[in-house]
Amino acid sequence: MSKASAFQAVTDCFQHAADQLGLGDATRELLAGTYREIRVQVPLRLANGTVRTVYGYRVQHNGARGPYKGGVRFHQDADLDEVRALAALMTWKTALIDVPFGGAKGGVQVDPSELSETEVERMTRRYLSQVSYVIGERRDIMAPDMNTSAQTMAWMMDEYGRKSGHTPAIVTGKPVELGGSYGREAATGRGTVIVLGKAAADHGWDAADTTIAIQGYGNVGSWAARLAAAEGFRVVAVSDVRGGIYAPDGLDLDAVDQHLRQSGSVVGTPGTDTIGNDELLTLDVTVLVPAALGGVINSDNADQIRASLILEAANHPVTPEADSILADRGVEVLPDILVNAGGVTVSYFEWTQNLQEFKWTEDQVNEQLRRQMVAAYRSVKDRAEQNGKITPRQAAFQISVERVASAAKLRGYL
Ligand code: NAD
């Protein structure tokens, strides 16, 4: 999906919910726009002594429900439009999962693979310091995203602390040694599998007969695969950027992990057939989990999807055109703002642990995550069923928009 259409897709979902909820013009205008958008220059001294100037962004979409919250990505495509779309998505995601945050996103428009680790560290510190006047542990909290990691968060926390003193709650997704939460790494995949379990139960599917194909075997996809298999589901296909693998009786995930460690790809794992990434999407499986890129299920392939349920573990994997085709064909799509909300939920737990200076056990984190995911799943399904003809995505946006609009009204913005 192009960047413009990613933003358009989020805006369309919001506008559709606003129509259905009968939101007035003033509320619509407030929620469609962003609170603050900043662009900063990030001059970067390279190892060869030259200086290169790159641009960084932080967009705060809406903070009616709590401090702004959202990741920072380092990517050549991370321009203001993309960051703006992702910031809005965070507002709707945090509202749906019901954590007391608003929505934000940040980015530095650079290909970090062109930089050494020292250059990336210098750039991270400079970006953080340039945006430091709009962030704060009770104002705007950052997190990892594309090409940023726990290490990036550690540098950010350290840089912020130089002026403000030790402030671990300024970022989430930190290393556990520096105040990160147990369970954060697995959280998005775990949340996906919690939703899978509830959906399978609602459909009356037996786990052992429920076959699953997962596109993407990174953080989200690999945890989703492992945890789904541990619950007895049959994971028959996974893929990465080099291609996919298929074993109709179920993959041996230990063998997949071992092959990935040795070769850098899942492709070629002994005992599996090699398939293409496009082929994976149209396999005859019960559940399809796109967990890599946006826009992969679109008007070109939506009529060939054979799964009964799609779980959007990636952000925007199903385009709006594909969404209507799938709805007409009776394929259920559970939306990204529900399915992949486990990450921001455990980020919220990390933030609360940092503010309280008290560490939870992994069991506490996982149990609380389960409660939050199940409640959000139920609210989406109930809303979709009550309203008869709306999709789970429309139901999810209605709930989110209603919550944010209500908070904005109570604060006296409207
Ligand atoms: P990751 O970088 O760890 O993994 C991405 C995976 O996708 C890798 O296996 C990679 O090889 C594969 N991939 C890349 N290009 C591909 C292609 N063209 N075809 C097929 N596979 C391809 O990323 P991640 O953290 O697992 O995130 C995956 C998706 O989930 C992204 O859309 C991200 O925005 C979304 N997401 C992640 C989190 C989180 O907590 N990590 C939270 C919410 C949403």
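Me: What makes up the largest share of the lining of the second largest cavity?

Reply: Helix 6 (187–203) does, with three residues; helices and strands here are DSSP runs (H or I, at least four residues, for a helix; E, at least two, for a strand), numbered from the N terminus. The model is predicted: local features need pLDDT of at least 70 and side-chain atom pairs pLDDT 80 or more, whereas totals for chains, interfaces and linings use all residues. Residues are numbered from 1 along each chain as its sequence is written, and side-chain values use heavy atoms, without hydrogens and water.

Me: Why is the space lined by Thr192, Val193, Leu196, Ile212, Ile214, Ala224, Ala228, Val289 and Leu311 called a cavity?

Reply: It is so called because, on a 1 Å grid over the protein atoms alone, a 1.4 Å probe fits at its points but cannot get out; lining residues have an atom within 4 Å of a point. About 40 Å³ of space lies there, and the count of cavities of 30 Å³ or more comes to two. Strand 6 (211–215) and helix 7 (219–230) are among the elements that each supply at least two lining residues.

Me: What makes the lining of the second largest cavity nonpolar, polar or charged?

Reply: Eight of its residues are nonpolar, one is polar and none is charged.

Me: What lines the largest cavity, and what is its volume?

Reply: Its volume is about 80 Å³. Among its lining residues are Phe7, Phe14, His61, Arg84 and Trp92. Helix 1 (3–21) gives the largest share, four residues, while helix 2 (25–32) and helix 3 (80–97) also supply at least two each. The lining has seven nonpolar, three polar and one charged residue.

Me: Which pocket does the ligand take up, and which residues come nearest?

Reply: The space taken by the ligand is the largest pocket. Of the 18 residues around the ligand, Thr188, Tyr217, Asn219, Val220 and Val241 come nearest.

Terms used: Near = heavy atom within 4 Å. 1 Å grid on protein atoms, 1.4 Å probe; cavity = no way out; pocket = protein on both sides within 12 Å on 5 of 7 lines; lining within 4 Å. Sits in = over half its atoms within 2 Å of the grid points. Points joined across faces, edges and corners; volume = space filled by probe spheres on them. Nonpolar A, V, L, I, M, F, W, Y, C, P; charged D, E, K, R; others polar.
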